[in-house]
Amino acid sequence: MPNLPRPRLRRAARARGVVDAAQPTEPRVETVELDGLRWINIERPGPLEQGWLEEHFEFHPLDYEDVRSRNQRPKIDEYDDYLFIVLHFPVFDKKIGRLNGEELDIFIGPDYLITLPNAPLQPVEYLFERCRASEEFREQMFSKGPGYLLYKIVDDSFDYCFPMLRKIGGKLERLEEEIFLGRGEDVVRDISNTKQEIINFRKVIRPQRATLRELEQVKHRFIADELEIYFDDVVDASERIWDMLENYKEVVEALEDTNESLISHRLNNVLRVLTSISVVILPLTLIASIWGMNTGLPGKNSIHAFWVIIVVMVGVLVAMLAFFRRRGWL
């Protein structure tokens with residue numbers, strides 16, 4: 001699937017990465033509306049934004065508590081006049097250089113959809129900005145009701161996972177090349193980091209597979225029956241992501257085992273050579289030690305005896321090397 005382009009946000013403070021140190025006095029609530037259907041986006045809701053929600057919507061107190069906690073498992077709570085949905089999506093944290101899961105809380109009713117991301121989610125931002133900037137695109141998204149808008153948000157967020165997966169796949173290919181180039185010791189840390197990324201990705205995707213299947217089956221008056229096929233597409237995307245993660249998990253474990261085997265093999269070769277050298281030198285050391293004793297020995301003070309001993313030592317050396325070579329130990 002194609003990479004989503006980076007949204008060109010019109011919010012100047014966010015685009016420049018500047019955060020006002022002063023305490024905000026107005027809730028940060030962004031709204032796009034068409035024909036009575038509103039999309040309200042509140043990024044990182046704080047006390048002011050939560051107070052605004054409580055003033056304008058009568059949601060269940062437990063839902064507000066879930067929004068404040070920012071640590072909920074994926075789920076769907078169904079009420080008479082709205083749905084409360086909690087989903088998680090992977091986001092790469094550049095500060096720590098690791099993949100983390102970020103929460104997206106969604107309220108959907110007959111004439112509104114509220115998104116509450118706990119961190120900037122590029123697919124949500126991009127879709128919201130397109131709806132706000134283009135009247136034609138807004139008509140396309142809003143004309144089929146809040147259910148279709150919910151589908152587009154969730155579908156685009158899952159599509160955004162595929163570029164991350166391709167990057168992980170590229171890392172695995174590079175690791176395999178480096179392992180067989182003899183850089184096993186150098187890539188141990190890279191294997192560990194990639195394995196951790198896959199584990200974190202799996203932690204994000206696995207719990208919400210059941211939630212997505214439940215969302216596919218939800219029948220509500222603001223999620224029409226004909227949208228079931230759209231949410232089935234979301235479930236398919238989630239399953240493809242999970243299948244890729246399962247494959248990557250097996251690949252990284254195989255690479256880790258292969259790398260350990262190659263390192264052990266090289267270490268065994270080194271130990272074999274050192275052991276062979278030690279064993280070859282041992283009889284020579286024994287002969288030299290015997291004739292080096294301070295006692296009366298045959299050939300003492302004889303130059304001929306010296307050369308005889310040297311010849312014997314060389315013969316023993318050659319014989320042992322030939323024996324080791326024949327047995328494949330060298």
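**Exercises: a pocket and a helix pair**

In this predicted model, the second largest pocket has a volume of about 200 Å³. Local features need pLDDT of at least 70 and side-chain atom pairs pLDDT 80 or more, while totals for chains, interfaces and linings use all residues. Residues are numbered from 1 along each chain as its sequence is written, and side-chain values use heavy atoms, leaving out hydrogens and water.

**Exercise 1.** Find what lines the second largest pocket.

*Solution.* Start with the term: on a 1 Å grid over the protein atoms alone, a pocket is an open set of points where a 1.4 Å probe fits, with protein on both sides within 12 Å along at least five of seven lines, and lining residues have an atom within 4 Å of a point. The volume is the space filled by probe spheres set on the points, which are joined across faces, edges and corners.

Next, list the lining: there are 13 residues, with His88, Asn100, Gly101, Glu102 and Val204 nearest the centre. Strand E5 (98-108) and helix H8 (188-205) each give two or more; E5 brings the largest share, five residues. Strands here are DSSP runs (E, at least two residues), as are helices (H or I, at least four).

Last, sort them by class: two are nonpolar, seven polar and four charged.

**Exercise 2.** Describe how helices H4 and H5 pack.

*Solution.* First take the geometry: H4 (residues 122-133) and H5 (residues 135-142) pack at about 115°, axes 5 Å apart. Then pick out the contact (heavy atoms within 4.5 Å): H4 uses Leu127, Arg130, Cys131, Arg132 and Ala133, and H5 uses Glu135, Phe137, Arg138, Met141 and Phe142. Finally, count classes: six nonpolar, no polar and four charged residues.

Note on methods. Ala, Val, Leu, Ile, Met, Phe, Trp, Tyr, Cys and Pro count as nonpolar, Asp, Glu, Lys and Arg as charged, and the others, Gly among them, as polar. Axes are lines fitted to C-alpha atoms, for helices over the stretch in contact, and angles run from 0 to 180 degrees between N-to-C directions.
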